[in-house]
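Take a walk through this model with the structure open beside you.

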Amino acid sequence: MKQRITTEIKQTQRLTPLQVQFVRMLEMTGPEMEDEVHRALDEMPALEAVDDSHMQEGADAETVTEDGDKFTESSDEMQRADFSSEDEMPGYLDTGQSHELLHIPVYRGTYARDMQYPEQSVGADGEGLTERLMRQVAELPLDEKGMRVARYIVGNIDPNGYLTRSLQAIADDIAIHQGEDVDMEEMDRILEMVRGLDPAGVGATDLRDCLLLQLRRLPRTASTLTAVEIVANNFDLLAKKHYSRIAGRLGISVDDVNEAAAIILRLDPKPGGGVPDGRMEDSSRGISPDFFVEASDDGVIHLSSLNRVPELRIESSFADDDVLASDSVPNHDEARAFIRSKRDDARNFIRVVNMRQQTLFNVMSAIVKLQRDFFLSEDEEDIKPMVLKDVAALTGYDLSVISRATQGKYVATLRGIYPLKKFFNERLRDDDDSVTSNKVMALIREAIEGEDKHHPLSDREITQRLADAGLDIARRTVAKYREGMGIQVARLRRQV
């Protein structure tokens, strides 16, 4: 073992705190960004939101710096100011790059600022699933101890109506928190009473159990009894729609199996899903688009930001150092340092918010330019091949910046709402820009929507149709796109 001193040269790249904050905000969705701004307004004393009335009154006022000069610095210049030299500057801020984005024929509108896209959520104003079950539990013929056990069981039923824990685990909870021992025979008896509540199927442990609970509530006919037998003992064959094998096992005709299968298909796999429940509110939120694109009859595309983040500024008492200029103010140095610290934090936050908004708009502008034909027609076949490098060539941003700027972001048009990731697709053939993954998926979806539902198209048949249309696509590629669109195989799409 020897000790020795060596010298080596190492070059590393580190992100400044401002860059880290910018990257984090860039990944946020619109609602997340609104929450982040409101949190900052609560925590930063030097930060305040500008009222709409003040925004209107000061719309023509010029922003000035601390020295009283006119503020003319762009967002790119503010980002470049964080680096001591051009060598440290990332590629997407390189001043030597050509920014063709400045020539994009789109307009930043303001009329869409007040447009409302309410988030569709399952409200909790009405009676939720848990409240509905608790109301029914109160009417069961149970003593006080049995009521507590039933309430514990209901409390472990998820919003879809399924029992999420074992009876033994629930019994252990009752023993720990209530100090009462409940034997498993009593637990089973009370569980069966809960499983008899409405809606039918609540309290099930899995899908098969849920379907059986609903089937046993139906009138006893030959078809319903056959359905019970199929779900109880041939559920795997039912899932694969192997009706002929089920018929052979049960010794009945295929038509009888089809009748029973039709009854099963009418059952609800999520019996609690139709009941409003407050716990479902967060997971049922709709989409909040970040941009609005409208094409006029003369071919002009208007791009508007649906930014609902309030305008921010430095609070007036922190903006002026003269308030502490008097020597009579005690702890003058400490107070001045406090004001500067809080003011710098707020100023940096405003800078990062503005950088995020400008970056998102520049990226969306580039997408509109590259996918102009689609925004004019809104036909998926008009979506051209586009990758991150194409947007980078227009904006000058790094690929990672573009990827973060488009993740979880949406654009609204007069016909619908689309994720920005939808517009990124590679060409399938180097010699033909018209053959894209979006076009192939659109043709696959069109073929499946127009198929005979009793004799659906197989992947091989779809491949042949594409070949007849001049698209030489492999069958495994068709299967990959079909699965990506959430479409089942032909056997599972067949209707009885």
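Contact here means heavy atoms within 4.5 Å. By that rule, Ala247 touches Ile252, Ser253, Val254 and Val257, leaving out residues up to four places away in sequence. Keep in mind that this is a predicted model. Ala247 is found in helix α12. Is Ala247 buried or exposed? Buried means under 20% relative accessible area. Ala247 has 5% relative accessibility, so Ala247 counts as buried. Ile230 is 17 residues away from Ala247 in sequence, and their C-alpha atoms are 9.6 Å apart in space.

Now step back to the whole protein. The chain forms 22 helices and 9 strands. Of its 496 residues, 40% are buried. Take the contacts with a sequence separation of 6 or more: 65% of them are between residues 24 or more positions apart. The accessible surface comes to about 28600 Å². Carbon and sulfur atoms account for 47% of that surface.

Go inside next. The largest nonpolar core has 49 residues. Phe349, Met364, Ile367, Phe375, Val411 and Phe423 have the most contacts within this core. Which helix gives the most to this core? Helix α15, residues 332-370, does, with 14 residues. Look at Val411 for a local view. Beyond four places in sequence, Val411 touches Pro289, Phe291 and Val293, among others. Val411 also touches Met364 and Phe375. Gly416, Ile417, Tyr418, Leu420 and Phe423 complete the list for Val411. A second, separate core has 24 residues, including Leu142, Ala150, Met193 and Leu197.

Helix α6 spans residues 144-155, and helix α8 spans residues 184-194. The two pack at an angle of about 65°, and their axes are 10 Å apart. The crossing of α6 past α8 is right-handed. On the α6 side, the contact uses Gly146, Val149, Ala150, Ile153 and Val154. On the α8 side are Met187, Ile190, Leu191 and Val194. What kinds of residue make up the contact of α6 with α8? There are 8 nonpolar residues, 1 polar residue and no charged ones. Gly counts as polar, so Gly146, which α6 brings to the contact, is the polar residue.

Backbone geometry comes next. Most residues other than glycine have a negative phi, and most peptide bonds are trans. Follow the chain past α8 to the loop between α8 and α9 (207-215), where Pro199 lies. The peptide bond joining Asp198 and Pro199 is cis, with omega about 0°. Lys241 has a positive phi, near 60°. Its place is the loop between α11 (235-239) and α12 (243-250). Lys241 has a relative accessible area of 18% and is buried. Glu378 also has a positive phi, near 55°. Glu378 sits in the loop between α16 (372-377) and α17. With a relative accessible area of 15%, Glu378 is buried.

Move on to α17 itself, residues 388-395, where Leu388 is located. Why does Leu388 count as partly exposed? The relative accessible area of Leu388 is 25%, and partly exposed runs between the 20% limit for buried and the 50% limit for exposed. Beyond four places in sequence, Leu388 is in contact with Leu399, Ile402, Ser403 and Phe424. Asp398 is 10 residues from Leu388 in sequence and 9.0 Å away in space, C-alpha to C-alpha.

Lys422 lies between β7 (417-419) and β8 (427-429). Lys422 is buried, because its relative accessible area is 18% and the cut-off is 20%. Setting aside residues up to four places away, Lys422 touches Glu380, Ile383 and Asn438. Ala469 lies in the loop between α20 (459-468) and α21 (475-484). Is Ala469 buried or exposed? At 58% relative accessibility, Ala469 is exposed, because the limit for that is over 50%. Leu443 is 26 residues from Ala469 in sequence, with a C-alpha to C-alpha distance of 9.6 Å.

Definitions and conventions. Residues are numbered from 1 along each chain as its sequence is written. This is a predicted model: local features need pLDDT of at least 70, side-chain atom pairs count only at pLDDT 80 or more; totals for chains, interfaces and linings use all residues. Side-chain values use heavy atoms; hydrogens and water are left out. A nonpolar core is a set of buried Ala, Val, Leu, Ile, Met, Phe, Trp, Tyr and Cys residues joined through side-chain atoms within 4.5 Å. Buried means under 20% relative accessible area, exposed over 50%, partly exposed in between (1.4 Å probe, protein chains only). Helices (H or I, at least four residues) and strands (E, at least two) are DSSP runs, numbered from the N terminus. Axes are lines fitted to C-alpha atoms, for helices over the stretch in contact, and angles run from 0 to 180 degrees between N-to-C directions. A crossing is left-handed if the near helix is turned anticlockwise from the far one by less than a right angle, and right-handed if clockwise. Accessible areas come from the Shrake-Rupley method with a 1.4 Å probe; for residues, only the protein chains shown count as cover.
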